[in-house]
Amino acid sequence: MLVSYNKIGKGYIMLSTYISMLIALLIFIVLFINSFDAISQVGLKLFTLEWNPSKNEYGILSMLYGTLSVTVIALTIAIPLGIGTAIFTSEILPSAYRIYVKSIIELLAGIPSIIYGLIGIAFFSTWIASFFELASGRTILTAGILLSIMILPTIVTLSDDAINNVPKKYREAAKGLGLYPFEVIKNTVLPIAKKDITGAILLALGRALGETMAVMLLIGSIDKIPTPFYNVLSPGQTITSKLGREIGESAFGSLHFSALNTMGFVLMLLVIILTLITQLYLRKSNRLYE
Amino acid sequence: MNRKLTNAVFKIFVWAAMAASFGILLFLISVLFWKGFGAISFDFLFTPSSNFGAEGGIVYQIVGSILLIVFATLIAFPLSLGFAIYKSEYVKSSYVQNITDTLIYGLNGIPSIIFGIFGLIFFVNLLNTGISWFVGSIILAIMILPTIILSTYQAINSIPDSFRENALALGLTKWQLITTTLLPRGLSGAFTGLLIGLSRAIGETAPIMFIATAFSGVTIPVGFFEPVSALPTHILALAQQATNPQALQNAWGTSLVLLLLVLIFSIAALWRRVKFSKIEY
C-alpha cells in the first residue's frame, strides 16, 4: 500500500514536470512552425520598409526601428533616474525607512500596463501635443516616456538591492581615505555593484521590449520610419503594437499571419536570450566580498 | 574645491532623481485614486455595462476577471508544485538542473503578447476551441507557472538535509517524506508565489485579448468555451474611445477596481514574504 502511494506520488510529480516542460517547448515550436511560411516565402525581403499585406509586402524594418527607438528613449530616461533614486534609497535614506520605500516601489511595479496606457492617453499624449504644438500627441517620444516610467520601479528596486549588498567595510575604508560621498560611491560602491546593476538594466530592457498595451495605445500605430529618422515626435510602430493591432485581423494560416508570427518569434528569442543572460550568467557571479 | 563642487553636483543629482521618481509615482497613484473614486459607486460595481461600456457598471467584468484567475490557479498550482518538488528532490544531475532552469527562466521571459499569439494559434485555431475564457485561464496559468515554481522550489530547497535524513531514518517512503515534511513548509512559498503570479495575471491584457474576451453583450458564461468580459480588456476598449468623457470616466473607475484587486494580491504576497522570511532552520 505504501509503495503504491509512493508510485502514485512520483507519477504525479513526473507528470506535472513533463507537462510544464512540454508547454514551454510547445510555445517555442508552435511559433517557429507558424513563422516558417514567411521566412521561406518572403525571405530577406522581410528587411524592407514596406508593410502592405494586400500587395504581399512584409517589411519589418519600421517595426524594428520603432521598438529600438522606444526602448532607447525609455532606457535613456530610466537608467540615470533609476540609479540616482537607488543611490538615494540605499545610501542617503535611513535604513529604517528603506523597507517601506522599497515595498511601495515594488507595489508600483505591479500596476497593470493597460492602466499606464490609460494614464498615457489621458495625460501624457495631451501634454506632449500641447508642449510641442502637435496635432496628435501619440508619438514615439510619448510611448518612450511612458515606458521609462513603467520600467523605473524595476531598475530602482534591483539597483537598490545591488548597492545595498555592498558591504559597509568598503565604504568605511574609502571614507577613511578622506573621499567625499560622491567619490566613495563612484569609485568603490558602483564598481562592486556594477554586475548586478547591469542585470537590473537588462531585465528592464527585456520588459521594455516586450511591453504591449501601453505602447500600442500611445505610439500612433503608423508603419513608417519618420523623416529624419531621429524625429521622435512623429507616430511609429513597434513589434508589439503591430502584433496587438493586427493579429486579430489577419486570417490564420495566411502569409500575413505568418509574417506577424515571425516578428513575434524574433522578439521572443531576443527577450528570452536577455532573460537567460541575466538569470543564469549574472546571478552566478561569485562576489568578491564573500 | 573642484572635488567639493563635484560632490555637491552629485548630491543635487541624487536628490533630484529621487524627487522626480517619487513625484512620478505619487502622481500616478493620486491620479488613479482621485479619478477612480469619482467614478466608482455602488451602482457601478453591481450593474452590467451598456452602450459599449460608456454607461452602466462593470459587474460582469469583475466576475469574468475573477473566473479567469480562479481557473488559472486551479491549473497552475498543482503543476508547479509537482515541478518544484521534482526540481528540488528528484533531479540529481546538474545537467538536468540546468535544462529545467533554462526552461523556467525562458518561460518567465516570454513577453505577454507572445502567450496570446500562442493561445490563438494552438487553442483557438488548431484545437478549434473558439474564443473561450477557459483557454484564457490556461494561458494565464502558463504565464504564472515560473513564478510559482521558483517560489516553491526556493522554499523546499532551503529545508536542510537533516530533515530529510531524519524522515528517511524513521522509515518513511519518499512520498511520505514529501507530504509530511517538505510540503508543509514548501506550501508557504507556493502560496506566496501564487499571490505574486495572480497579481500579475489579473492585470494582463495582451494574452487574453484575442483568445478569451469579448467586449459587449457578454454575461456569465454557461460552458467552458464561451467568451467572458474582463477588467483589463474593458479598460482597453474604453481607452480607445477616450474622446467620450463618459467612457473615460468609466475607464478610470474600472482601472481603480482592477488596481485594488492587484494590490490585494501583491500586498498579501508582500506580507507573507516579510512574515515567512523570518523562518530559520
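Predicted model: local features only at pLDDT ≥ 70, side-chain atom pairs only at ≥ 80, totals over all residues.
For chain A, residues 24 or more positions apart account for 74% of the contacts with a separation of 6 or more.

### The two chains

Chain B contains ten helices and two strands, and along its sequence these elements are arranged as α-α-β-β-α-α-α-α-α-α-α-α. Chain A has ten helices and two strands, arranged from the N terminus on as α-β-β-α-α-α-α-α-α-α-α-α.

| Chain | Residues | Buried residues | Box of C-alpha atoms along the principal axes |
|---|---|---|---|
| Chain A | 290 residues | 48% | roughly 75 × 70 × 35 Å |
| Chain B | 281 residues | 49% | roughly 75 × 70 × 35 Å |

### Annotated spans

According to the UniProt record, an unreviewed entry, the annotation "domain: ABC transmembrane type-1" covers residues 64–278 of chain A. In the model, this span of chain A is 77% helix and 0% strand, and its end C-alpha atoms are 23 Å apart.

For chain B, the UniProt record (unreviewed entry) lists residues 12–37, 57–81, 102–124, 130–150, 208–231 and 251–271 under "transmembrane region". Residues 57–81 of chain B are 92% helix and 0% strand, with end C-alpha atoms that lie 38 Å apart, while residues 251–271 of chain B are 100% helix and 0% strand, with 30 Å between the end C-alpha atoms.

### The contact between the chains

How many residues does the contact take from chain B and from chain A? Chain B contributes 70 residues and chain A contributes 69 residues. On the side of chain B that touches chain A, the elements giving two or more residues are helix 1 (2–39), helix 3 (59–90), helix 4 (94–109), helix 5 (112–126), helix 6 (133–157), helix 8 (174–201), helix 9 (231–239) and helix 10 (245–276) of chain B. Helix 1 of chain B provides the largest share of that side, 16 residues. Divided by class, the side of chain B that touches chain A consists of 49 nonpolar, 16 polar and five charged residues.

### Helix 9 of chain B and its surroundings

One of the elements on that side, helix 9 of chain B, is mostly covered, with nine of its nine residues buried. The buried residues are B:L231, B:P232, B:T233, B:H234, B:I235, B:L236, B:A237, B:L238 and B:A239. Their cover includes elements of both chains, namely helix 4 and helix 8 (213–218) of chain A and helix 3 and helix 10 of chain B.

Of these neighbours, helix 4 of chain A can be followed in detail. The axes of helix 4 (residues 113–131) of chain A and helix 9 of chain B come within 9 Å and cross at roughly 20°. Because angles under 35 degrees count as roughly parallel, helix 4 of chain A is roughly parallel to helix 9 of chain B. The crossing of helix 4 of chain A and helix 9 of chain B is left-handed. Where the two helices meet, A:I114, A:I115, A:G117, A:L118 and A:I121 of helix 4 of chain A face B:P232, B:I235, B:L236 and B:A239 of helix 9 of chain B. By class, the contact of helix 4 of chain A with helix 9 of chain B has eight nonpolar, one polar and no charged residues.

### A helix pair within chain B

Helix 3 of chain B, which is among the elements that cover helix 9 of chain B, also packs against helix 6 of chain B at an angle of about 40°, with the axes 6 Å apart. Helix 3 of chain B is therefore oblique to helix 6 of chain B. The crossing of helix 3 of chain B and helix 6 of chain B is right-handed, and the residues of the contact between helix 3 and helix 6 of chain B divide into 24 nonpolar, seven polar and one charged.

A:V72 is found in helix 2 (residues 61–92) of chain A. Is A:V72 buried or partly exposed? With 14 other C-beta atoms within 10 Å, A:V72 is partly exposed, since a buried residue would need 20 or more. A:V72 and A:L274 are 202 residues apart in sequence, and their C-alpha atoms are 16 Å apart in space.

Notes. Residues numbered from 1 in each chain as written. Chains lettered and ligands numbered in written order. Helix = DSSP H or I, 4+ residues; strand = E, 2+ residues; numbered from the N terminus. Buried ≥ 20, exposed ≤ 12 C-beta atoms within 10 Å, placed from the backbone. Contact = placed C-beta atoms within 7 Å. Nonpolar A, V, L, I, M, F, W, Y, C, P; charged D, E, K, R; others polar. UniProt positions renumbered as here; feature names shortened; annotations may be inferred. Axes fitted to C-alpha atoms, helices over the stretch in contact; angles between N-to-C directions. Parallel < 35°, antiparallel > 145°, perpendicular 65-115°, else oblique. Left-handed = near helix turned anticlockwise from the far one by under 90°.
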